[in-house]
Amino acid sequence: MDTYLVTGGAGFIGSDFIRYLFERYGDDIKVINFDKLTYAGNLENLKSVETRENYRFIKADICDREAVYGVFESEDIDFVVNFAAESHVDRSIMDPEAFVRTNILGTQVLLDAARNCWITKAGTKEGRRFIQVSTDEVYGTLGSEGFFTEETPPDPRSPYSASKASADMLVKAYYHTYGLPVNITRCSNNYGPCQFPEKLIPLMINNALCHRGLPVYGDGRQVRDWLYVRDHSRAIDLVACKAKPGETYNIGGHNEKKNIEMVRTIIKTLRTMTKDDTISEELIKHVTDRPGHDRRYAIDPGKITGELGWLPETSFEEGIEVTVSWYMDNRNWLENVTSGEYRDYYRRMYGGQTP
Ligand code: NAD
Ligand code: TYD
């Protein structure tokens, strides 16, 4: 039975990955969810799996060496899948230190623990893998043409992407220096259920449902390449099971959208589903642009498709409908996560510029 140590498993993508693992492998695996439960971590996301005997939750910080080493001592870990991170660019602009701590130092603690446990005098234990869940943002920004490939040199431009790029460098270093069996995945923007409503899509859905303004940064013509979260989870699983150690894979489904186009699609979908005509483009408010805002991201997924046979399975039309209806059906989830800390964040972020 394979044992997965999933860090950040209470967040948006980590919780989808855990649900996916249980749907796919059932009782044939064990999952340990290691999560600090920051503002972004929410155990509600794991209600459907929490009573399983082959699931264990540990509330701890990946920077806490004792806690991390403790898990490696008490469990025979086959896979580490490191989702744990501070993940929001705007927060990284306000408070870079938390990003350096969790995303860089936390990753190094995990790498050390895996190395201590997996690499012995007798050699490297069989079948182990450390998957670093990284992002296309490490590549920086594109003009109107071209795509990020695995050969594109890292050129991060926000404290968030700089911290993720730094972690990637450490992961590569542990592969080359110690022979730790690692892979890095770099995915484009994800969307789907359970995403914290500080990110574009759930923020717009939540604001529209509350009849608040929809804050579009600058001209809204920046481009992101959107992938439904389950397609990302499937890709990570494939990499963990099939990839050669040391390889990096870009993940994306050629689904580029300008932010303003995305906001209009959300408005249209919500208006049709709610039959509420007050959800209209009049809610759109152009606000001050994000400093250093990357203009365009776009992924060339040729390597993961060619080598591992991965292709996205969810069309944008289907994915956005499922996503919008999930938030409509889960207003309690939205209310819970937007009470408390979120109010201060929102005021700091958009204060004065949106109703
Ligand atoms: P998220 O913010 O929703 O979740 C992050 C999770 O990590 C939370 O559960 C949080 O409690 C936990 N966490 C934070 N600091 C921790 C610490 N010090 N110790 C233990 N747990 C900690 O993030 P997400 O959107 O699910 O992203 C997951 C990963 O995927 C991140 O590494 C991110 O860089 C990467 N990624 C995200 C996207 C995207 O579009 N969201 C795209 C590509 C890559
Ligand atoms: P975001 O979801 O924060 O992801 P990332 O910055 O990691 O790509 O933002 C996606 C895009 O949407 C990005 O170009 C910034 C823009 N954006 C807005 O225009 N308004 C908002 O309120 C937010 C949160 C993002």
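Just so everyone knows, what you see on the screen is a predicted model.

That pair belongs to something longer.

Now zoom out. How many strands form the open sheet? Seven, with parallel pairing, and the order goes β3-β2-β1-β4-β7-β8-β13. At the edges sit β3 (55-59) and β13 (248-251), and each of those pairs on one side only. Going from one strand to the next, the twist averages 20°.

Next, the helices. Helix α1, residues 12-25, lies across β1, β2, β3 and β4 (79-82), and runs at about 170° to β2. Helix α2, residues 65-74, also lies across β1, β2, β3 and β4, again at about 170° to β2.

Okay, on to the cores. The largest nonpolar core has 36 residues, and the ones with the most contacts inside it are Ile201, Ile205, Leu214 and Leu270. Several elements give two or more residues to this core, including α6 (200-209), β10 (214-217), α8 (259-274) and α10 (316-329).

Let's pick one residue there. What does isoleucine 205 touch, if we skip its neighbours within four places in sequence? The list is Ile266, Leu270, Thr323, Val324 and Tyr327.

And there's a second, separate core, this one of 34 residues, with Phe79, Cys187, Ile251 and Trp310 among them.

That's my tour, thanks!

Terms used:
Residues are numbered from 1 along each chain as its sequence is written. Chains are lettered from A and ligands numbered from 1 in the order in which they are written. This is a predicted model: local features need pLDDT of at least 70, side-chain atom pairs count only at pLDDT 80 or more; totals for chains, interfaces and linings use all residues. Side-chain values use heavy atoms; hydrogens and water are left out. A nonpolar core is a set of buried Ala, Val, Leu, Ile, Met, Phe, Trp, Tyr and Cys residues joined through side-chain atoms within 4.5 Å. Buried means under 20% relative accessible area, exposed over 50%, partly exposed in between (1.4 Å probe, protein chains only). Helices (H or I, at least four residues) and strands (E, at least two) are DSSP runs, numbered from the N terminus. Contact means heavy atoms within 4.5 Å. Two strands pair if DSSP finds at least two bridges between them. Axes are lines fitted to C-alpha atoms, for helices over the stretch in contact, and angles run from 0 to 180 degrees between N-to-C directions.
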